[in-house]
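This briefing goes through selected side-chain contacts, ring pairs and helix packing. The topics are grouped for quick reference alongside the coordinates.

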Amino acid sequence: MSEKLPAKITTHYSVIPRDKDPRWKDVDMERVSDEFDAVIVGGGPAGMSAAIRLKQLANDAGKEFRVCLVEKAAEIGGHILSGNVFQPNSLNELIPDWKEKGAPLHTPVKEDKFSVLTETGRIPVPVIPGLPMSNHGNYVIRLGNLVQWLGEQAEELGVEIYPGSPAAEVLFHEDGSVKGIATADVGIAKDGSPKETFERGMELHAGITMFAEGCHGHLGKQLYKTFNLRANCQPQTYAIGFKELWEVEPSRHRPGLVEHSLGWPLDRFTYGGSFIYHLDEGAPLVAVGFVVGLDYKNPYLSPFKEFQRYKTHPYIRQTFEGGTRLSYGARALNEGGFQSIPKLTFPGGCLIGCLPGFVNVPKIKGTHTAMKSGMLAAESVFETLNQENTQSNTIAPEPSSYQELIQNSWVWQEMKSVRNIRPAAHNFLGIWGSILYTGTIYFLFRGKEPWTLNHGGIDSSHLKPAAECKPIEYPKPDNKLSFDLLSSVALTGTNHDHDQPAHLTLLDDSKPVEHNLAVFDGPEQHFCPAGVYEYVPTEDGKGMRLQINAQNCIHCKTCDIKDPSQNINWVCPEGGGGPAYSGM
Amino acid sequence: MGVLGPKMAFRVLVGCKRVIDYAVKVRVKPDKTGVVTDGVKHSLNPFDEIAIEEAVRLKEKKIATEIVAVSCGPPKCQEVLRTALAMGADRGIHIEVPDEEYASLQPIHVSKILAKLAAQEEASMIIVGKQAIDDDCNQTAQMTAAFLDWPQATFASKIEKTNGDLLVTREVDGGLETIKVKLPAVLSTDLRLNEPRYATLPNIMKAKKKKIDKKKPADLGVDITQHVEVLKVEEPPVRQAGVIIENAEQLVSKLREAGHIQ
C-alpha cells in the first residue's frame, strides 16, 4: 500500500514562515526605511486623486508635506482595467482646467442604448433620463490613460510615485496603530529559499497611510480583521468583468455610442450583462466587455466562455465582424454597494476607492465615487496631521473626519439611493427582479424606500456541488469573434519572474483536491480568466493535483473571492509582475 | 618618486537600450511601417541589464572605478538610465535623438556615438548587451570596436581581469571559447554571464540624485543620417492547422494530392 503524500504546493513565506525556516537562519532581515507624511497604496483613480488633493492642500497652505504613492504595476496604468463611461463631476472638482491640461477625455457620450438579448434576437429597452443607465454629460474613456495622466499631474505637484513597488505588509506601532507599509522582498526562489539576489523590501513610514488597492485588495483583507472594520456592514459581493479592445471596420464604428445588454447568454439567475463603448480617438476603437456576478451557482460556468460566445450573437457580432482584437483583460469589481461599505478609518489609516467599494452598480460606475472618496480622505488626512492640538490617543492618528465627510457627501446619497437594485435579484425573478425594481420602486422612490435588501451571504457560498449541476456545452472559439483562453492571456502582456514562490497561496494545500475538485469539480479551472489553475494527473497517474501557473495571473482577485473553500489567498508577487495593459 | 601613485581610473561605459518589454505581444502598425510602440510597456533590454550588472560587479571587486550608463533616443530613454543608476551605475548620459530620427537610428550610428564617448570619457572598457531584443542586430559591440580599433570580446559568459588584460569566455556555436583581450576593449554580454540584481526601492530613490547629462549626436560630431530604409513590416503568416495522419498510406495519398510526389 503506497502512502499518500500530502500535497505540497504553497512555498510563500506568508504560509511557510521564515522565522522557523532553517534556510533563512543567517539571512539579514533588516529593512531600510523612510519617513513621509502620507503614504498611498495603489496608483488608481482613488490613490491618484488623494495624492493630488493632498499636494494641492499643502501647496495652498505653503506647507512641506511629503506624499509617497506606491503601485505594483511596472508602469502607472498598467494594472487598470475598466469599461469606462466616466462621470466627470469629481474630475471637474479636482482639476477644473483638465481640458487645457490635456486630460484624455475625447469621447462625449452621444447615444445610449439598452437591450435584453435572447438567443437569436434583441429586445430594445428605452433609456429613460434620470434612471441610472442614462449617460448624458459623460465620456467614454480609456481609464488606464486617464490614470497615467493623473499620475503626471501628481508628479508635477511633487508627489513621489514609485511603480513596480508592491506594498506587501502593513507595519504597526507598538500600540497597534498603522505605521506604514513595507514593499515586497525580492530574490526568493520558487521553493521559498533565498537567492543570491535576495533583498528585503523597504519600509515606508507615514503619519497616515491611505489604502487604495482597488477591488478586494490583499492588505485591505487583513485590515478588516485587524481593526474589525466589517462589524456593521454586509460582506462585499462581486462580479468579474472582462474587457477587450477592438479595432472595428470603420463602417461599424459609431463614436460616442454606449450600449448595454442583459440576458443571453446568461440565464436569469446569473447576474450580469455586457457593454459596448465606441471611442473617438482616431482609430475605430471599440471597448467591449462582459460582467458576471460571482454569486453564480453552477460550478461549471466559465465567465470567460460566456463572454466569448456573447460576441457571436447575431446582433452583437455585427459590430465586430471584420475587426481585430487588440487587447484583453479581466478584473473583479464590487457589487455590494451601500450595504457592504465597511468602517473607513482606523488609527493611522483609511480606505479609499474600490477597496472599501463605492461602485454604483446599476450605473456601472465607480470611478467618480472612487476619486471623490480619495479627495475627501485627503482633506481629512491633511487636517488631521496639521492639527495644532493633537488629540490622538494612538501614536498614529485616525482620520475620523473622513468618515463624516463622505457620509455627508453626494457619494453616500448616490450609493444609498441605488442600494436595493442589485439585491432585488436574489429571488425567483433573478435579474428580472433588479430590472423590475429599477422600473418601479427606484423610479418612484429613488432609494427613499425605508427597507434595505440583503445580499444573502458571500459569493463563494452560492456554488452548488457539481453533482447537482449540468456541465455547460460551450461552442468552440471561431478565432474571428471568439477566442481561446491562452491566446487571450497572451494579449494581457502579463508576466512574472518564474523563479519566485507562487503568489496564489493556499492556506491548506490538500483542500483543492479533497474539496474543490471532489465536490465542485474544480471551479477555479473555469472562473480564472488567465488559466492559472489546472487539475492535472499526478506523476503516478493515480490521482489529480492542482497546478498553479502563477506566471499567467492578471491580478483580477476572482479566485480569492470565489474559491468555495476560501482557501486561496492572493498576495502580491515581486514588483512589476502582472499584466501590461495599455489604455484599458 | 613614491611607490604609491594615483589610482588608475577604470571607467566603464555601458550601453542601455529601451525596448518593448519581452512579455508584451507585439503588434504591427496598420500602415506596416513598423510596430506599435505608443502606450506599450517598455523596459531595459535584458542583455543590457546583464551588462550593467557585470559593470557593477567589477566595481564591487574594485576593478572598475566608475560606471557610466549611456542611452540614445527620445526623452523616455531616461527611464532605462534611472534603472541602470538604481542598479549601481554612477552617472548617466542621455544622447538625445527625437522620435522621427530615432525610427531610423541604427547600430552603425550608435557605435559611432559610443566610440566618440569612449574617447571623451577616457573609458577603459565598453560593455553592451550582445543584441537588442527588438532588432536582434548583434552589431553594436563589433562596430564600436572597429571604430575605436579596440579588441572585442563578444557573447561573454565569464569575464576575469588579469593584469592589463581581460580573460573572457565566449559562448560560441561549438561550445565555449576563452580568449585574452588587451584593455581597453569592447565586450558584449550573453545570457549566462550573470543574474542581474533587482533595482530596489531605496536604490531607486538614491538614483534620483545621480546625474544624467544630456548631449546631442551633433555635439559628438556624429551624423545620424538614415542609412537603412524600412520598406515594410508584416506579421508572420497565420499558422495553418495541421492534419493528423493515421497511417503511411494516408501520408502518401496526402503528399500526392498536394503534388509533392507523383
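The points below cover a helix pair, an arginine and its neighbours, and aromatic pairs. The model is predicted. Across all chains there are 16 aromatic pairs, and the axes of helices α1 and α7 of chain A come within 7 Å.

**Helix packing in chain A**

- Two packed helices are described by the angle between their axes and the distance between the axes.
- Helix α1 (residues 45–60) of chain A and helix α7 (residues 367–386) of chain A cross at roughly 35°, and their axes come within 7 Å.
- The crossing of α1(A) and α7(A) is right-handed.
- On the α1(A) side the contact is made by Pro45(A), Ala46(A), Ser49(A), Ala50(A), Arg53(A), Leu54(A), Leu57(A) and Ala58(A).
- On the α7(A) side the contact residues are Thr367(A), Ala370(A), Met371(A), Gly374(A), Met375(A), Ala378(A), Glu379(A), Val381(A) and Phe382(A).
- By class, twelve nonpolar, three polar and two charged residues take part in the contact of α1(A) with α7(A).

**Arg197 of chain B**

- Arg197(B) sits in the loop between β10 (185–189) and α6 (201–207) of chain B.
- The side chain of Arg197(B) makes a polar contact of 2.8 Å with the side chain of Glu53(B).
- A polar contact of 2.8 Å also joins the side chains of Arg197(B) and Glu60(B).
- Leaving aside residues up to four places away in sequence, Arg197(B) touches Thr197(A) in chain A, and in chain B it touches Glu53(B), Val56(B), Arg57(B), Glu60(B) and Met87(B).

**Aromatic pairs**

- The count over all chains is 16 aromatic pairs, and one of these is the stacked pair of Phe290(A) and Phe307(A), at 6.3 Å centre to centre with 20° between the planes.
- Phe290(A) belongs to strand β17 (residues 285–293) of chain A and Phe307(A) to helix α5 (residues 303–310) of chain A, so this pair ties together parts 17 residues apart in sequence.
- Phe290(A) counts as buried at 1% relative accessibility, and Phe307(A) counts as buried at 0%.
- Phe338(A) and Trp412(A) form an edge-to-face pair, with 5.5 Å centre to centre and 75° between the planes.
- This pair links distant parts of the chain, 74 residues apart: Phe338(A) is in the loop between β18 (324–334) and β19 (345–346) of chain A, and Trp412(A) is in helix α9 (residues 410–417) of chain A.
- Phe338(A) is buried, with a relative accessible area of 18%, and Trp412(A) is buried at 16%.
- Ring pairs join Phe242(A), Phe290(A), Phe304(A), Phe307(A), Tyr310(A) and Tyr328(A) into a cluster.

Note on methods:
Residues are numbered from 1 along each chain as its sequence is written. Chains are lettered from A and ligands numbered from 1 in the order in which they are written. This is a predicted model: local features need pLDDT of at least 70, side-chain atom pairs count only at pLDDT 80 or more; totals for chains, interfaces and linings use all residues. Side-chain values use heavy atoms; hydrogens and water are left out. Axes are lines fitted to C-alpha atoms, for helices over the stretch in contact, and angles run from 0 to 180 degrees between N-to-C directions. Helices (H or I, at least four residues) and strands (E, at least two) are DSSP runs, numbered from the N terminus. A crossing is left-handed if the near helix is turned anticlockwise from the far one by less than a right angle, and right-handed if clockwise. Contact means heavy atoms within 4.5 Å. Ala, Val, Leu, Ile, Met, Phe, Trp, Tyr, Cys and Pro count as nonpolar, Asp, Glu, Lys and Arg as charged, and the others, Gly among them, as polar. A polar contact is a pair of N or O atoms within 3.5 Å; within protein, one must be able to donate a hydrogen and the other to accept it, and residues adjacent in sequence count only if both atoms are side-chain atoms. Rings of Phe, Tyr and Trp (its six-membered ring) pair if their centres lie within 6.5 Å; planes under 30 degrees apart count as stacked, over 60 as edge-to-face and the rest as tilted. Buried means under 20% relative accessible area, exposed over 50%, partly exposed in between (1.4 Å probe, protein chains only).
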